[in-house]
Amino acid sequence: MSSRRSSFRRREKPAFERFKDHCRHFTAFMFSNVGIILLVTFYIIGGAFIFQGIEIFEYEKLKSAKPHRFIARNFSGECLTRIWEITAENISFFDHHAYRRRVNDVLLDYQRAIVKKQLRGPDVEQWSFSGAFLYSLTVITTIGYGNITPQSEWGKLVTILYAIIGMPLFLLYLSNIGDVLAKSFKWIYSKVCLCRICPGVAKRRIIRERRKMRQLARALQMHDMENARGSSSYTSTSSTTTSNSSSSDYTRSSRQSSSLVDIPYSDSDSDIEREIRGSTDEITVPVTVCIFVMVGYILWGALLFGRWEDWNYLDGSYFCLISLSSIGFGDLVPGDRVITADKDKVEVSFILCAIYLLLGMAVIAMCFNLMQEQVVHNIRAIKRGFKACFRCRSS
């Protein structure tokens, strides 16, 4: 009977409500950690196919409409021909100033044509799948090398819309994945560097820390008791109200100091085990460790790109730093071995290059997050120290 009622209630739910539930679950999954990685990956792949299709289609369309624009011109031959004609006209060199001026104009036109051709680059060869994928990646990551740019109007318009949607999506990716990597790294740091994985070493370290805290609390108690005795003996000849206030100050200070000693610094195994197995949220990673992680990741990338692109170690490190910091000057870009001229061929090294950039920017975000926690922790400790100093002076 109960099963019939439950099935009847499930049937009573309208289709629109079920559709809303499915959409809600799908949205929650897409904006989870795994979903955001898949969303960014498919967004970059989809953008690569879109840009490749647009640029190749517009190129073929313009080539069929205006074929004269795609005829390979011999700029050197045209420049020499014009200079020869000017020389033949001024064979007597009667006005050599005018002759030099006209030859200089021809040479400047030749230089502008060569520079314009180099800046434009190849028309359609750059829009292979590898090149389009790299272009989509540099757009949403704001690296922007500038070696691959859309030439058509539709390509520029789609780039604007693609960046408007992709940049917030990538920032969400950095926020989520950076948080996950930070928690994972704090767990690894607590197990390896703080020896939580070795109970004996962790137990001895915790006992030493508790002994230091106990000695500090006793020293502070003795200091407060001496100050209170000195102030009470100094004010013994004063009036009765003054003596009452001094005795109250003495009792207050003695209570504060005794409260420090009464802190449960027990060395029992249960307390130590509880602290060893405690949450890693209270652990802060030192700034030097974060800097070491970033430098190590950049040097590892320098080795990889040095093998793929035949760069030296300095150029590889320079490229990794400029790319991961999203500066992207564009003087060094993944070129001959990463981006292929074949429209359908994708090399494994290119896939590793994209993974390196995506993972590297998340690692940089993780390190910045950990360094921010460490700086905030140090500032709070300094603030507590200043408060303690002023409290001692006022007492």
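Which residues make the nonpolar surface patch of about 650 Å²? I looked this up first, keeping in mind that the model is predicted. The patch is made by Trp154, Leu157, Ile160, Leu161, Ile164 and Ile165.

I then checked one of these residues, Trp154. Tryptophan 154 sits in helix H7, which covers residues 153-192. I get a relative accessible area of 54% for tryptophan 154, so with exposed meaning over 50%, I note tryptophan 154 as exposed.

Next, salt bridges. How many does the structure hold? I find three.

I started with arginine 82 and aspartate 109, whose closest N and O atoms are 3.7 Å apart. This pair links distant parts of the chain, 27 residues apart: arginine 82 is in helix H4 (residues 75-89) and aspartate 109 in helix H5 (residues 96-120). I have arginine 82 as partly exposed at 40% relative accessibility, and aspartate 109 as partly exposed at 35%.

Aspartate 109 also meets arginine 112 in a salt bridge, at 3.2 Å from N to O. These two are three residues apart in helix H5, so about one helical turn separates them. Arginine 112 counts as exposed, at 54% relative accessibility. I therefore logged Arg82, Asp109 and Arg112 as a network of salt bridges.

Last entry: glutamate 373 and lysine 186 form a salt bridge, with the closest N and O atoms 3.4 Å apart. Glutamate 373 lies in helix H13 (residues 348-394) and lysine 186 in helix H7, so the pair ties together parts 187 residues apart in sequence. Is lysine 186 buried or exposed? I get buried, with a relative accessible area of 6%, while glutamate 373 is partly exposed at 30%.

How values were computed
Residues are numbered from 1 along each chain as its sequence is written. This is a predicted model: local features need pLDDT of at least 70, side-chain atom pairs count only at pLDDT 80 or more; totals for chains, interfaces and linings use all residues. Side-chain values use heavy atoms; hydrogens and water are left out. Patches are made of residues with over 30% relative accessible area and no salt bridge: like charges are joined within 9 Å, nonpolar side chains (Val, Leu, Ile, Met, Phe, Trp, Tyr) within 5 Å. Accessible areas come from the Shrake-Rupley method with a 1.4 Å probe; for residues, only the protein chains shown count as cover. A salt bridge is a side-chain nitrogen of Lys or Arg within 4 Å of a carboxyl oxygen of Asp or Glu. Helices (H or I, at least four residues) and strands (E, at least two) are DSSP runs, numbered from the N terminus. Buried means under 20% relative accessible area, exposed over 50%, partly exposed in between (1.4 Å probe, protein chains only).
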